[in-house]
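Work through the exercises below with the model open. Try each task before reading its solution.

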Amino acid sequence: RHMKEEKFTTGKDDALKASELAPILKVSRRTILNWHQDGVIPAEINIGRVIRFSLPEVRKALKERTYA
């Protein structure tokens, strides 16, 4: 009897690396990492050195910061 492999959704398919997010926002990879380090944008996944970002959440944070 075979057990079906369950797939867990972590949102990682939607989570972007800094190098993938940077060209979308027209900034450098370093800027993305600086923004994260300074608390400007949230990380979707942050485990050790692995940092991934949700584009909708990043856009929301930047928009709120612009109007604050």
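**Exercise 1.** Which residue with positive phi follows α1?

Solution. This is a predicted model, where local features need pLDDT of at least 70, side-chain atom pairs count only at pLDDT 80 or more, and totals for chains, interfaces and linings use all residues. Residues are numbered from 1 along each chain as its sequence is written, and side-chain values use heavy atoms, with hydrogens and water left out.

Step 1. Go to the end of α1 (18-25). Helices are DSSP runs of H or I with at least four residues, strands are runs of E with at least two, and both are numbered from the N terminus.
Step 2. Lys26 follows α1, with a positive phi near 60°. Lys26 is a residue other than glycine.

**Exercise 2.** Find the buried residues of α1 and say why they lie on the same side of α1.

Solution. Step 1. Ala18, Leu21, Ala22 and Leu25 are the buried residues of α1.
Step 1. They lie on the same side of α1 because they cover an arc of only 110° around the axis (the arc of the directions from the helix axis to the C-beta atoms).
Step 2. Their cover includes β1 (15-16), α2, β3 and α3, with contact meaning heavy atoms within 4.5 Å.

**Exercise 3.** Describe the largest nonpolar core.

Solution. Step 1. The core has 13 residues. A nonpolar core is a set of buried Ala, Val, Leu, Ile, Met, Phe, Trp, Tyr and Cys residues joined through side-chain atoms within 4.5 Å.
Step 1. Two or more residues come from each of α1, α2 and α3 (55-67). α1 gives the most, with four.
Step 2. Ile41 is one of the residues with the most contacts inside the core. Not counting residues up to four places away in sequence, Ile41 touches Ile32, Trp35, His36, Phe53, Val58, Ala61 and Leu62.

**Exercise 4.** Which element gives the most to the lining of the largest pocket?

Solution. Step 1. List the lining: Lys17, Ala18, Ser19, Arg29, Leu33, Arg49, Val50, Ile51 and Arg52. On a 1 Å grid over the protein atoms alone, a pocket is an open set of points where a 1.4 Å probe fits, with protein on both sides within 12 Å along at least five of seven lines; lining residues have an atom within 4 Å of a point.
Step 1. β3 gives the most, with three residues.

Conventions:
Buried means under 20% relative accessible area, exposed over 50%, partly exposed in between (1.4 Å probe, protein chains only).
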